[in-house]
Amino acid sequence: MSTDSRSLVIDPPPDFPVVWQHPDDAQRHWLFDPMHRPDPMPLLEFSIWDHALTYGLNAANEAYGSPIRMAFRRINTYFYSAAIPPPLPSEELGARLAHAEQQVLAALAGYMERWQAEWEPELRRYVDDWRAFDLGAATLPQLIAHADETLARIARAWEIHFLVAMPMTLAMSQFQDTYQGLFGAERALGAYQLLQGLDNKSLAAGRGLWRLSQLALAQPPVHAIFETHADHEVLAALEREPAAQPFLAELRAYLDEFGGRAERWDEISAPSWIEDPTPAIGNIRAYMAQPLRDDAAEHARLAVERERRLAEVRAALRGYPQPVVDQFELELRAAQAGSVLQEDHNYWIDQRCMYEVRRVTQELGQRFAAAGAIERADDVIHLTAAEMRETAGRLAEANHVALVAERQAEIERFRAVRPPPALGTRPPGPPPEGAMSRAGARFWGGPPPEQTEPDVLRGNPGSPGTARGVARVLHSLSEMSRLGAGEILVTASTAPPWTPLFATAAAVVTDTGGVLSHCAVVAREYHIPAVVGVGTATTQIRDGMLLEVDGDAGTVRIIADL
């Protein structure tokens, strides 16, 4: 190995020793994803994700002509991915990547129509079929066959996920490029003002909680239960109160539609809101404390503001050559579709489809626990998919209690270790410059800018505006009750289940993400400032600090430590 190649090798830290599973893995560049999967991943969850993403992402890459293939590994319980280019001369690889980029650009004109006519109906059929299957009545062989069918469906669902996500992300990024080219780079966030106020499933979920809060305020028995019980006690209290049954029916209808969400993106190891509605109840309580707000009116004002600004932009474009105007309008429509589909595809795939996967694995877990193969139904998450299938075939003699305990201990050991951002071998040069790489950078966010002032943290501008407030550092949704109205939400990253908190917070600050991340997109819909991709916000900011968040500049100033 030459000196140059040795310099590309990434040495893991002493508390994160790496034993490579495959001979070629040491030569690949493995990246940790703190935005989507910051915590240790149980084996069943990883084996399902490895299956779904390996098929889904690579099938989408193939459909768009990309030669890149993805691989995934669970390294010391953490989730890592690597992009694997084919062994081609750099000129040929560059040409194939450029062709794939053109394929995705060509898809912008019709990807919303494909979603509406083809992809969403297919996902709806999957969900309907899952709900029609009686898990409890199935024999064990029938349940395993259903689990195999579920894994095949979920792989296809994630192919749809990436068939949507590639043009969706590129559309919004490309529109920013065009807008900046026309009106100046300093007005980058202005492009996103033209994408706001368009309805999506995350906003609908928030409105549903707001409606429930107004119902709770209007019904004295329900209001009294919220006033006298903790979040985790409210559901049982509602069930005991005859006068609360109409509200309870509304809550259950809401959960039936929007409750297939867990702590973050697409977990099957954590209970959904359907199983444990405590996060929904906490959001309802927070909204009850803001009775003068009008969620629907605030959303309508954003749409009016969008149309006013769009009229100004179109007036400014008069006199431009017609092809320029036509291209602007095409990219505007594609970007507006992207702002909707970013949340809607998550609702159908990450939430509803993945909830059905959890239902199947939990049913198997209950049967394994009843037979003594594991102690608790939730312990099934520590088996691989192959072990789950094997256990079902010899349930009478299976005993994984010690194995589960060993794997739980491994997770807890590495939970205390900070995983390195990259492992393996760095590529010899930067990725090819192009529209797709810019879109990726805007979604994931680059390295945080250098911190040159001790009291100023720098990140990526996410949503415009300036706000002052007290910091609340939240590490999970279970802490949401600590966030008060007008306070600054500081967290590692947000996912759609966190969206309702944006109606309570005055601003949001995250460790991860760029201008196209979920946090930035949703913050713009709630018209609150956001600074994303700060890197160390959750470690440098403490609860109670007074902050000033400047979403245009991408800065967070610590004013005082109260």
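## The chain as a whole

The model is a predicted one. Its protein chain contains 18 helices and 13 strands. The radius of gyration of the chain is 24 Å, and the globule rule gives 24 Å for 562 residues, so the chain is as compact as a globular protein of that length.

Of the 562 residues in the chain, 56% are buried. Contacts can also be sorted by how far apart the partners lie in sequence. Among contacts with a separation of 6 or more, 71% are between residues 24 or more positions apart.

## Helices α13 and α14

Helix α13 covers residues 322–370, and helix α14 covers residues 385–393. The two pack at an angle of about 45°, and their axes are 11 Å apart. An angle between 35 and 65 degrees is neither roughly parallel nor roughly perpendicular, and α13 and α14 are therefore oblique to each other. Their crossing is left-handed.

Which residues of the two helices meet? From α13 come T361, L364 and F368, and from α14 come M388, T391 and A392. The residues of this contact divide into four nonpolar and two polar, with no charged ones. The nonpolar group takes in Leu, Phe, Met and Ala.

## Y192 in helix α6

Y192 lies in helix α6, which runs over residues 190–193. Is Y192 buried or exposed? Its relative accessible area is 2%. Buried means under 20%, so Y192 is buried.

Residues up to four places away in sequence are set aside here, and Y192 then touches M172, Q176, V515, L516 and R524. One of these partners, V515, is 323 residues from Y192 along the chain, yet the C-alpha atoms of Y192 and V515 are separated by 9.4 Å.

## Q336 in helix α13

Q336 belongs to helix α13, the helix that packs with α14. The relative accessible area of Q336 is 17%. This value is also under the 20% cut-off, so Q336 is buried.

Which residues does Q336 contact, leaving aside neighbours within four places in sequence? The partners are L194, L195, L198 and R306.

How values were computed
Residues numbered from 1 in each chain as written. Predicted model: local features only at pLDDT ≥ 70, side-chain atom pairs only at ≥ 80, totals over all residues. Heavy atoms only, no water. Axes fitted to C-alpha atoms, helices over the stretch in contact; angles between N-to-C directions. Helix = DSSP H or I, 4+ residues; strand = E, 2+ residues; numbered from the N terminus. Parallel < 35°, antiparallel > 145°, perpendicular 65-115°, else oblique. Left-handed = near helix turned anticlockwise from the far one by under 90°. Contact = heavy atoms within 4.5 Å. Rg over C-alpha atoms; globule rule 2.2 N^0.38 Å. Buried < 20%, exposed > 50% of the residue type's maximum accessible area, 1.4 Å probe, protein only.
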